[in-house]
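Here is a short briefing to read alongside the structure.

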Amino acid sequence: FIPILIGFSRKDGYDLFEPINVAAGAIFLGTTLRAFYLVFMPGQFQARFLMLHQSFQDVNRNIIWVLVGVAFFCLGYLVSFKRVPVERIAFLRSYRINLQRFNGVLIASVLLSLVGLYLYVSIYNISLGGNILAQSVKRSAEYVSDSGEVVYGSGWQGQVSKAAIYGSVALATAIFAQLVRITPYSMGLMAALVLSSVFVPFLGQTRSPIILLMFNITVAAAYYGRIRTRSAVSAFLGVALLVSAMGAIRASNSFYTGASTGFIENTVGSGNGFDSVRTTAIISLIPKEADFQYGMSYLAIPFFWVPRAIWPDKPQADLGAWVKSEIFGQRVQLSGWPPGLVGDAYINFGYIGIIIIPFIYGLFLRMFYESFKPYLGVSFPMTTIYVSLLYTIAWHGLDLNVSFVFALALAIAFPMLVILFLSQCGNSRFSGRQGLATRPPHMSREARCQTGPS
């Protein structure tokens, strides 16, 4: 309720997609709803698994530190009123779209994703001729480090296949902004982008890219007034059903048969969201089972873009595998158990980190929102950038770890900026904030440079 009250304090200015409200969603799923699940369904396999061999007395011993971390995160969000004047960036201030170039970039996104799909299918020897549902399993690429050790990675082929995700969000936002008309061609292109976006995540049982795509399109539609809050909530329920269905497929294709495939287990019991119980276990086991990191995990951020195929020993931005193997002593290949914002802060700097890191992250989220707020639903490039990053920095900012979140955000921002840059008019020249703060009912300032088929 702490972050939810901040959003409600806006009253008439309430914004469902303000970062603090999205962060509240991560807490609501991973802590609030999960608490009821763990208390009232303790006999379920997934409930016992999520307790991580703790009793409720063990959890309660450290839960106060989770509350402290969340409180300081919210305090940082409340006290920050600074904003970055993004409208001074010439590229964003003078942006006008060239529809012919935009169309070419989107087609290139589809083709690049298909290339990534082909390479992904080839490297894992996936047969698409049989039961396609049976091919949907967790996969990881194997590389050999300089010491001869086998290192696991997600594979750059899957990253290439994500090109259409960014194209899908850009096209959807352009349609909502009335820069692109709804025609059989634009709808066909949208279908091609979406289908090529979700195929590799489906084959690899990675639900996050699919959730990200649906979330971003929903947020863009809301800011341009194409859907109401009630419809947005309905869309999120649809995402929950999709997550449950993919979880059921993952369980049925897994060699491990202990997990349940029910809806509650695959949503509330999935381990996603801000998991306070996991955080309390981490606080109990460090430094007993593993040493403090003292900020070492943040050094991975500058090297996230280097493929592991080139540098197998590169620093790991994702702490999930380290948490699972080093703290809990479990076997892990690639993905693991993310520590969450508070757990990450404790892993690096102990109890003082629980106060400092969430507070700074709250400052950052508020600054991000205030910087883009005046232009949401007004400026096409700024709205596109904001909705593309929102889920990653607000939701994942709570349930992953800071270095991984920044790596993911940079991996999203770069291709989206490339799409916007290649799609702009070559002779875009007008200054000031005109066309950004206001726009006519049927045509924005960006639309003045529309050329080519729309």
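Helices α8 and α10 run roughly parallel to each other, because their axes cross at roughly 15° and angles under 35 degrees count as roughly parallel. Please keep in mind that this is a predicted model. The protein contains 17 helices and two strands.

**The α8 and α10 pair**

- Helix α8 covers residues 163-176 and helix α10 covers residues 208-223, and their axes come within 9 Å.
- The crossing of these two helices, α8 and α10, is right-handed.
- On the α8 side, the residues in contact are Ile165, Ser168, Val169, Ala172, Thr173 and Phe176. Their partners in α10 are Pro209, Leu213, Asn216, Ile217, Ala220 and Ala221.
- Sorted by class, this contact of α8 with α10 has nine nonpolar residues, three polar ones and no charged ones.

**The α16 and α17 pair**

- Helix α16 (residues 380-399) and helix α17 (residues 402-422) have axes that come within 10 Å and cross at roughly 165°.
- That angle is over 145 degrees, so α16 and α17 are roughly antiparallel to each other.
- The crossing of α16 and α17 is right-handed.
- From α16, the contact includes Phe380, Pro381, Thr384, Ile385 and Ser388, along with Leu389, Thr392, Ile393, His396 and Gly397. Facing them in α17 are Val405, Leu408, Ala409, Ile412, Ala413, Met416, Leu417 and Leu420.
- By class, the contact of α16 with α17 has 13 nonpolar and five polar residues, with no charged residues.

**Backbone details worth a look**

- Ile286 and Pro287 are joined by a cis peptide bond, with omega at about 10°. You will find Pro287 in the loop between α13 (276-285) and α14 (320-327).
- Leu52 is not a glycine, yet its phi is positive, near 55°. Leu52 sits in the loop between α3 (45-50) and α4 (56-79), and it counts as buried because its relative accessibility is 14%, where buried means under 20%.
- Gln178 also has a positive phi, about 60°, without being a glycine. Its place is in the loop between α8 and α9 (184-203), and at 32% relative accessibility Gln178 counts as partly exposed.

**The protein as a whole**

- Of the 454 residues in the protein, 52% count as buried.
- The accessible surface comes to about 20800 Å², and 65% of it belongs to carbon and sulfur atoms.
- Among contacts between residues at least 6 apart in sequence, 77% join residues at least 24 apart.

Terms used:
Residues numbered from 1 in each chain as written. Predicted model: local features only at pLDDT ≥ 70, side-chain atom pairs only at ≥ 80, totals over all residues. Heavy atoms only, no water. Axes fitted to C-alpha atoms, helices over the stretch in contact; angles between N-to-C directions. Helix = DSSP H or I, 4+ residues; strand = E, 2+ residues; numbered from the N terminus. Parallel < 35°, antiparallel > 145°, perpendicular 65-115°, else oblique. Left-handed = near helix turned anticlockwise from the far one by under 90°. Contact = heavy atoms within 4.5 Å. Nonpolar A, V, L, I, M, F, W, Y, C, P; charged D, E, K, R; others polar. Buried < 20%, exposed > 50% of the residue type's maximum accessible area, 1.4 Å probe, protein only. Areas by Shrake-Rupley, 256 points an atom, 1.4 Å probe, with all protein chains shown as cover.
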